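Work through the exercises below with the coordinates open. Each task is followed by a solution in steps.

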Amino acid sequence: MDIKKDQLFITPIEKLGDWIFDEKVAEVFPDMVQRSVPGYSNIISMIGMLAERFVQSNSMIYDLGCSLGAATLSIRRNVHQENCHIIAVDNSQPMVERCKRHIESYKSSTPVDVICDDICHINMQNASMVVLNFTLQFLTPENRQRVLNNIYNALKPNGILVLSEKFSFSDTCIDELLFNMHHDFKRANGYSELEISQKRNMLENVMLTDTIETHKQRLSEAGFKHIDTWFQCFNFGSIIAIK
């Protein structure tokens, strides 16, 4: 797969508007996510390793907010149990179309259905693994608990949820430090101040971050008993919750 460089914000944009996952974003997404999300490759690789440990025979796996299917492919490479089925969901049609092409490029006995829909509308059941990889932060706050409740109810005993997010921190000193370190990370990956600023302005109304404590509280309220952060790099990280 040829990776096209993200140059969407390299020149000034007069009317920025809110962020949307349109065709332009889908086209450069692999480069964008690698240069913008610290630890992304590690999280994707480890999702596959977690799948190897937790996916059960005769069960469903859900990748909610699948974008181009990186987590789905990582899971499918590591599923060795019989009669498993992956449902990958995203509400961006351009993402879904590209995701389908990526999935079809790799042979596997584990079937994958790629669906264009709002994850709030997905009726999940008989799941041994659910992935929310940088997805919950794009839902309205009032929908987040409902989605987590639905996931918990759909999971089989010993099923796992992987929840990756950009975090905020109640300690303003730490929050500012990690915010600035993330910007240093993007500068080191070749983004200009203009690119960083324009992307941040577009995201600020559509990506509302929570603290790790808030995430853990929601997961506990949903019913999960085993919850903790398993990966963190700056203000990005991932939480596991086991039923």
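A residue is buried when its relative accessible area is under 20%. The model used here is predicted.

**Exercise 1.** Classify phenylalanine 134, tyrosine 40 and phenylalanine 236 as buried or exposed.

Solution. 
- Step 1. Phenylalanine 134 has a relative accessible area of 11% and is therefore buried.
- Step 2. For tyrosine 40 the value is 9%, so tyrosine 40 is buried.
- Step 3. Phenylalanine 236, at 6% relative accessibility, also counts as buried.

**Exercise 2.** Find the aromatic pairs that involve phenylalanine 134, and state where in the chain the partners lie.

Solution. 
- Step 1. Ring centres must lie within 6.5 Å to form a pair, and planes under 30 degrees apart count as stacked, over 60 as edge-to-face and the rest as tilted. By this rule the count comes to 5 aromatic pairs.
- Step 2. One of them joins tyrosine 40 and phenylalanine 134, with centres 6.4 Å apart and 35° between the planes, a tilted pair.
- Step 3. This pair links distant parts of the chain, since tyrosine 40 belongs to helix 2 (residues 40–54) and phenylalanine 134 to the loop between strand 4 (127–133) and helix 5 (141–154), 94 residues apart.
- Step 4. Phenylalanine 134 also pairs with phenylalanine 236: the distance is 6.0 Å centre to centre, the planes are 55° apart, and the pair is tilted.
- Step 5. Here the partners are 102 residues apart, with phenylalanine 236 in strand 7 (residues 236–242).

**Exercise 3.** Describe how helix 1 (residues 23–36) and helix 4 (residues 93–104) cross, and name the residues in contact.

Solution. 
- Step 1. Two packed helices are described by the angle between their axes and the distance between the axes.
- Step 2. The axes of helix 1 and helix 4 come within 8 Å, and the crossing angle is roughly 40°.
- Step 3. Helix 1 and helix 4 are therefore oblique to each other, and their crossing is right-handed.
- Step 4. On the helix 1 side, Glu23, Val25, Ala26, Glu27 and Phe29 meet Pro94, Met95 and Arg98 of helix 4.
- Step 5. Sorted by class, this contact has 5 nonpolar, no polar and 3 charged residues.

**Exercise 4.** How many residues of helix 3 (residues 70–78) are buried, and what covers them?

Solution. 
- Step 1. The buried residues are Ala71, Thr72, Leu73, Ser74, Ile75, Arg76 and Asn78.
- Step 2. Their cover includes helix 2, helix 4, strand 1 (60–64), strand 2 (85–90), strand 3 (112–116) and strand 4.

Methods: Residues are numbered from 1 along each chain as its sequence is written. This is a predicted model: local features need pLDDT of at least 70, side-chain atom pairs count only at pLDDT 80 or more; totals for chains, interfaces and linings use all residues. Side-chain values use heavy atoms; hydrogens and water are left out. Axes are lines fitted to C-alpha atoms, for helices over the stretch in contact, and angles run from 0 to 180 degrees between N-to-C directions. Helices (H or I, at least four residues) and strands (E, at least two) are DSSP runs, numbered from the N terminus. Angles under 35 degrees count as roughly parallel, over 145 as roughly antiparallel, 65 to 115 as roughly perpendicular and the rest as oblique. A crossing is left-handed if the near helix is turned anticlockwise from the far one by less than a right angle, and right-handed if clockwise. Contact means heavy atoms within 4.5 Å. Ala, Val, Leu, Ile, Met, Phe, Trp, Tyr, Cys and Pro count as nonpolar, Asp, Glu, Lys and Arg as charged, and the others, Gly among them, as polar. Buried means under 20% relative accessible area, exposed over 50%, partly exposed in between (1.4 Å probe, protein chains only).
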